[in-house]
Amino acid sequence: MSDFNANFWSVYVAVLTLVSIVACLLLLWITARKKMVARSDNTTGHVWDGDLREMNNPMPRWWMWMFVLSIVFGLAYLVIYPGLGSYGGQLGWSTRGEYTAEMERANKDLEPLYAQFTAKQPPELAADPVAMAVGERLFMNNCAQCHGSDARGSKGFPNLADTDWLHGGQPEKIAETLKAGRQGNMPPMAAAVGTPDDVKNVANYVLSLSGSPHDSVRAQLGKAKFTACAACHGMDGKGNQALGAPNLTDDIWLHGWGEQAIVAMINKGKINEMPAQTGKLTEAQIQVLTAYVWGLSNKPVPAAKL
């Protein structure tokens with residue numbers, strides 16, 4: 001991907017664009033200078049399909065001027081707006097700048113709506129139907145693409161509607177995840193575990209921790225080799241939320257279940273990324289979204305009525 005960020009491509013696009021415009025001008029100039037000797041019947045002598053003849057009439061002046069004006073317009077556009085590689089244009093306009101300006105206007109218009117939520121904590125907001133309606137829209141627009149519209153996730157994307165959390169399900173941890181994102185990294189561990197047979201044994205031991213179907217003989221042999229995994233997952237396999245290491249005893253499998261899936265994880269490792277939402281969402285929006293996500297796995301307590 002870094003190849004497309006190199007300066008070469010900006011220069012390549014700029015040169016290709018300018019060469020194309022110059023080629024159009026050259027074509028127009030050559031065509032205008034070329035004189036076709038007409039026959040007595042004002043045709044060029046070219047005949048198709050027996051009787052279809054090409055007349056020797058010059059191109060209409062209006063067409064020629066439209067062609068020239070189109071080229072002039074193209075050159076003017078490239079000076080005013082970005083189009084020549086990394087050149088930003090005289091107006092300094094960009095799609096990113098337009099998007100940012102629109103988002104700023106929209107957030108300013110929504111400030112009165114979010115003002116009523118800023119003084120409340122996520123558990124309070126989770127019991128507020130208005131806040132949860134707003135939170136649901138935020139979730140659908142920003143989170144459902146990965147976690148699903150029901151928030152139950154899919155392979156590689158955590159279920160947000162259960163009580164199994166990689167980094168903790170407290171409101172402050174959810175807000176931390178939304179603001180800064182998360183980078184999950186399970187390194188390849190095959191070299192530390194041992195032979196391919198040892199890897200299979202450890203996979204069966206991991207399956208045994210959650211009571212999943214497994215080969216009991218292999219699981220017994222793999223227990224000693226599990227020490228290579230215990231640094232993150234703990235000797236009991238219950239994981240470590242400070243590291244984002246999943247609990248291996250709860251029969252919840254983020255990247256697939258079974259011996260084959262676990263062997264692949266040990267051999268190849270896995271990198272997962274939750275993108276940061278700071279800059280995309282305002283503080284108030286993150287607070288409401290935190291409350292919505294927290295409420296998916298926690299029954300909110302309705303506010304007391306006076």
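Is Trp9 buried, partly exposed or exposed, and what is its relative accessible area? The structure is a predicted model, in which local features require pLDDT of at least 70 and side-chain atom pairs count only at pLDDT 80 or more, whereas totals for chains, interfaces and linings use all residues. Residues are numbered from 1 along each chain as its sequence is written, and side-chain values use heavy atoms, with hydrogens and water left out.

Trp9 is partly exposed, because its relative accessible area is 33% (buried means under 20% relative accessible area, exposed over 50%, and partly exposed in between, with a 1.4 Å probe and protein chains only). The residue belongs to helix H1, which spans residues 7-33 (helices are DSSP runs of H or I of at least four residues, numbered from the N terminus). Tyr12 is likewise partly exposed, at a relative accessible area of 41%. Trp9 and Tyr12 both lie in helix H1, three residues apart, or about one turn of the helix.

A search of the whole structure finds ten aromatic pairs (rings of Phe, Tyr and Trp, the last by its six-membered ring, pair if their centres lie within 6.5 Å; planes under 30 degrees apart count as stacked, over 60 as edge-to-face and the rest as tilted). Trp9 and Tyr12 form an edge-to-face pair, at 5.6 Å centre to centre and with 80° between the planes. Elsewhere, ring pairs join Phe73, Tyr77, Tyr81 and Trp93 into a cluster.

Val293 touches Phe139, Leu160, Trp165 and Ile174, not counting residues up to four places away in sequence (contact means heavy atoms within 4.5 Å).

Ala115 lies in helix H3, residues 95-115, and is partly exposed, with a relative accessible area of 47%. Ala115 and Ala284 are 169 residues apart in sequence and 7.9 Å apart in space, C-alpha to C-alpha.

Conventions:
Helices (H or I, at least four residues) and strands (E, at least two) are DSSP runs, numbered from the N terminus.
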